[in-house]
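Hi,

Here's the structure I promised to pass along.

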Amino acid sequence: MNKCSDFCRKLSDYLDRELSDNECMLIEEHLRECPPCAIIYQGLEKTVTLCGSGISDEIPEQVKIRLLRFLRNRCCND
Ligand SMILES: [Zn+2]
């Protein structure tokens with residue numbers, strides 16, 4: 001999995017910690033190899049942290065949809 005589109009598809013599951021160890025490794029590998037995705041991921045992670053604020057570790061669905069749409073427009077052209 002070294003394509004940005006695959007990365008985008010898996011990212012919300014990664015943030016929800018629903019991926020296997022192996023899939024997490026692939027995500028982290030892509031973050032190292034692809035600076036644009038790493039930047040987007042950092043923004044997303046910050047938003048998730050703000051959304052959670054200790055009340056819940058679930059990302060609100062609306063926030064997730066909006067962010068993933070943004071992410072796809074930015075980096076997934078294939
Ligand atoms: Zn990428």
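What percentage of the 78 residues of the protein count as buried? The answer is 13%, where buried takes 20 or more other C-beta atoms, placed from the backbone, within 10 Å of a residue's own.

Before the rest, this is a predicted model, so local features need pLDDT of at least 70, side-chain atom pairs count only at pLDDT 80 or more, and totals for chains, interfaces and linings use all residues. Residues are numbered from 1 along each chain as its sequence is written.

The protein has four helices and zero strands (DSSP runs numbered from the N terminus: H or I of at least four residues for helices, E of at least two for strands).

Now the α1/α2 pair. The axes of α1 (residues 4-15) and α2 (residues 21-33) come within 10 Å and cross at roughly 120 degrees; axes are lines fitted to C-alpha atoms over the stretch in contact, with angles from 0 to 180 degrees between N-to-C directions. That makes α1 oblique to α2 (oblique is what remains after under 35 degrees for roughly parallel, over 145 for roughly antiparallel and 65 to 115 for roughly perpendicular). Phe 7, Lys 10 and Tyr 14 of α1 make the contact with Glu 23, Cys 24, Ile 27 and His 30 of α2, contact being C-beta atoms, placed from the backbone, within 7 Å.

Finally, the largest nonpolar core has eight residues: Cys 4, Phe 7, Leu 11, Leu 15, Cys 37, Ile 40, Tyr 41 and Leu 44. A core here joins buried Ala, Val, Leu, Ile, Met, Phe, Trp, Tyr and Cys residues through C-beta atoms within 7 Å. Both α1 and α3 (35-52) supply at least two residues each of this core.

Cheers

Note on methods: Contact = placed C-beta atoms within 7 Å. Buried ≥ 20, exposed ≤ 12 C-beta atoms within 10 Å, placed from the backbone.
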